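Subject: A structure for you to look at

Hello,

Here is the structure I promised to pass on. Please open it beside this email and follow along as you read.

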Amino acid sequence: MNKTSLKPDTWLFPLPAVMVSCAAENETPNIITISWIGIVCSKPPMLSISVTPERHSYGLIKKAGNFVVNLTGEAQLHAADYCGTKSGRDVNKFDELKLTALKSSIISSPMIAECPVNLECEIRQSLLLGSHEMFVSEIVAMHAGQEYLDQRGRPDLDKIKPLVYCPGAREYRGGMNVLLARYGEAARKKS
Ligand SMILES: Cc1cc2nc3c(=O)[nH]c(=O)nc-3n(C[C@H](O)[C@H](O)[C@H](O)COP(=O)(O)O)c2cc1C
């Protein structure tokens, strides 16, 4: 197979486009859209987000030592793009988008009520990599809107309709409604 060499860049896709809410105790909360996110440990459950120091949210997250990862569905497309293109220095994103800040169960940062799943995260380690600082964080609590759960009480992808972002192409994509196989099934089948 012939290959063309391309400039190394952040072409990993699809990535989630999550809305991260952040605030220290009794401070005005902000929301930043984040795609530089990934699960990094199962036990304890941990994820990392990477944030540029220029972001208004960067200082808030450092001060709070925590944040909430609010998962998005296609219904959050407008809000996610807004929170990813406007700064909390200039606008109150909760007010502008008429979003509800719900008190979290453990941390100071509030959850976004309208998002289908909310992961309360406490920062355990941070690493300044270059343009971004990576916050390695433990998921200390998880919540989901009841209307987004399946019969077994788990988040239901068909109800959430996950919103994804493809950097490089700079495109949001949806339509993740086709179940190809379950874990391990495809390996047992020959095409
Ligand atoms: C889809 C999308 C993904 C983004 N991912 C990140 C990210 O992972 N890290 C980051 O620092 N900024 C990211 N941004 C940019 C910030 O969301 C954006 O600069 C935002 O306006 C910062 O808000 P703030 O100044 O209120 O913190 C992303 C933007 C979009 C639209």
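Which helix and strands each supply at least two residues of the shell around the ligand? They are strand 3 (30–34), strand 5 (46–51) and helix 1 (56–64). Helices (H or I, at least four residues) and strands (E, at least two) are DSSP runs, numbered from the N terminus.

Two notes before we go on. This is a predicted model, in which local features need pLDDT of at least 70 and side-chain atom pairs count only at pLDDT 80 or more, while totals for chains, interfaces and linings use all residues. Residues are numbered from 1 along each chain as its sequence is written, and side-chain values use heavy atoms, leaving out hydrogens and water.

Around the ligand

There are 22 residues around the ligand, and Asn 30, Thr 33, Ser 57, Ser 87 and Gly 88 come nearest; a residue is near the ligand if one of its heavy atoms lies within 4 Å of it. Strand 3 gives the most to this shell, with four residues. By type, the shell holds seven nonpolar, twelve polar and three charged residues. Here Ala, Val, Leu, Ile, Met, Phe, Trp, Tyr, Cys and Pro count as nonpolar, Asp, Glu, Lys and Arg as charged, and the others, Gly among them, as polar.

Now look for polar contacts (pairs of N or O atoms within 3.5 Å). A polar side-chain atom of Lys 93 is 2.9 Å from an oxygen atom of the ligand. A backbone N or O atom of Thr 52 lies 3.0 Å from a ligand oxygen atom, and a polar backbone atom of Ser 35 is 3.0 Å from a ligand nitrogen atom. On its own the ligand has 640 Å² of accessible area, and the protein covers 89% of that (Shrake-Rupley method, 1.4 Å probe).

Helix 1

The buried residues of helix 1 are Ser 57, Tyr 58, Leu 60, Ile 61 and Ala 64, where buried means under 20% relative accessible area (1.4 Å probe, protein chains only). They pack against several strands, including strand 2 (18–22), strand 6 (66–71) and strand 9 (117–128), with contact meaning heavy atoms within 4.5 Å. After helix 1 comes Gly 65, whose phi is positive, near 75 degrees.

The cysteines

How many disulfides does a search of the whole structure find? It finds zero, a disulfide being a pair of cysteine sulfur atoms within 2.5 Å. For Cys 22, the nearest cysteine sulfur is that of Cys 83, 10 Å away. Cys 22 is buried, with a relative accessible area of 0%.

Best wishes

Methods. Polar contact = N/O pair within 3.5 Å; in protein donor to acceptor, adjacent residues only side chain to side chain. Buried < 20%, exposed > 50% of the residue type's maximum accessible area, 1.4 Å probe, protein only.
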